[in-house]
Amino acid sequence: MEQVKILLEDQEIPRQWYNVMADLPTPMRPPLHPATGQPVTPADLEAIFPMNIIEQEASTQRWIDIPDEVLQKYLLWRPSPLYRARNFEKLLGCPVQIYYKHEGVSPAGSHKPNAAIPMAYYNKVAGTKRITTETGAGQWGSALSMACQMFGLPCRVYMVKVSYEQKPYRRMMMNAWGAECIPSPSTLTQAGRNVLAEHPDSPGSLGIAISEAIEDAVTTPNTKYSLGSVLNHVLLYQSIIGLEAHKQMQKLGLYPDVVMGCCGGGSNFAGVATPFVCDKIHGKEVKIVGAEPTSCPSMTKGPFAYDFGDLAKSTPLLPMYTLGHDYIPAPIHAGGLRYHGMAPIVSHLVREKFIEPRAYDQLKTFEAGVKWARSEGFIPAPETNHVLAAVVDEAMRAKEEGKEKIILFNWSGHGLVDLAAYDAYFAGKLQAYELPDHEIERALNAIKDFPKP
Amino acid sequence: MKTEHDHKLIRCPKLGDEMTFGYCLQEAGDLPCPRIVSCWFRAFDVAKVLEEHLTSEQRQRFALSAPGDKVSSLIEIIERAKKPS
């Protein structure tokens, strides 16, 4: 019988999170206050976060103790199993060993509770009585609902209305865990009422939902807000994934050649990657790959490698191309190169070349996800399909190069609440909307001499 | 605004859900989502569609509409929420 799962006992769970900020060879620039242009201070954020979380957001301490109360909740599903994907390996027929961290075993079905639980805990000990947040399709909202219930905190989730209607099951999960799930825009906040006054049929947006959740926190006594991705403290909490994987690979006497994850806001990717980034910073040979969609790149290169707004604010020429010549350039801001929507730590590691970003077309990702489901059984979340496409790609590269490789990746969540996306894929509604190569080339050529931010 | 592309579906990286181009066009009220160009440039000439469908004033506001980094946008929202309505 061939071994498939590599398990850690409860007592082997890591007792500290790893903070990659401590090991960055070049420091990150601090975020600037939009009004003053000065570095953000703790006081700027204390209206929405408790001070213990703000301290972690700014911390450069390498190891941060995980409180016993958090460990006790983690033990409900952690340490998560490390699997060897033997069936997928056979299907691919490439000279690779593929290992994955199964984060779909959490009660909410994804990696998100790794951050939700410490957030609820730190709020509880800081005296917070109630938490608000926003959610798109509901992965974060459901994880935080569960975590708040565990620590006896009421939770209100503003869910973007279009997803509230399209994705009823996550809303039901939130309700099952005792949270209020409100379709946004709502009449509960001024921000929501303003939108509804102008656009009564507004389907909502993440921006509106964030505004509602923050307004609720700022204007209600003893209420704080939680954010599930991008920020430093979120990535810190997620490092438990990579720390466990490190131990599990050690149990096998192996070290990965390639570590991979899918990149949305960067939290699950950083979770598996940062402990290995630490090794790489200190001289270890390991390739670290972040996979994102070609359609909406945040890190990889395209004609619009940076968000449109970033271009508008930082590069006067590009908006002329995109918006026409009546555009009046905004003053150049000093923010510099960044990848909007991506965690600043991940953006920094990409710039410093510790991470290699790769992009995959949405059809390729679903193709990989279906291959996975039909070989390994578990149905991946659509985001997880991006890393699966990257794993297939890496395996094929190994075959072409005639090299044996050990691949480790984070299987960030299951897709059982996202089956409508699979339905759209099977029905051919998700298409590879690709311009002909020469059109993309034309677009690239048109802007090739323009200054880059 | 209506376009011939409104029905086309894409997985929205902000929401984690399948959304139509029609949604992207009005994600920010009367303005498109700030990510619309980077999400759709491979599919068709989205910049041309925006030029055709946005007024000059909308184009100006659109160009300036995207938030900065996450912490800065959180602070902007906090300050806005603190102001009396």
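In helix H17 of chain A, the residues Gln362(A), Lys364(A), Thr365(A), Phe366(A), Ala368(A), Gly369(A), Trp372(A) and Glu376(A) are buried (20 or more other C-beta atoms within 10 Å of a residue's own, C-beta atoms being placed from the backbone). The model is predicted: local features need pLDDT of at least 70, side-chain atom pairs count only at pLDDT 80 or more, and totals for chains, interfaces and linings use all residues. Residues are numbered from 1 along each chain as its sequence is written, while chains are lettered from A and ligands numbered from 1 in the order in which they are written.

**Helix H17**
- Helices (H or I, at least four residues) and strands (E, at least two) are DSSP runs, numbered from the N terminus.
- The buried residues of H17(A) pack against H4, S11, S12, H18 and H19 of chain A, together with strand S1 of chain B; contact means C-beta atoms, placed from the backbone, within 7 Å.

**Sheet**
- Seven strands of chain A form an open sheet with mixed pairing, in the order S1-S4-S5-S13-S10-S11-S12; two strands pair if DSSP finds at least two bridges between them.
- Strands S1 and S12 of chain A stand at the edges with a single partner strand each, so one side of each has no neighbour in the sheet.
- S4 (residues 82-84) and S5 (residues 96-102) of chain A pair in the antiparallel sense over 3 bridges, with Leu82(A) opposite Lys101(A).

**Loop**
- Thr26(A) lies in the loop between strand S2 and helix H1 of chain A.
- Thr26(A) counts as exposed because it has 8 C-beta neighbours inside 10 Å, the cut-off being 12 or fewer.

Key. Contact = placed C-beta atoms within 7 Å.
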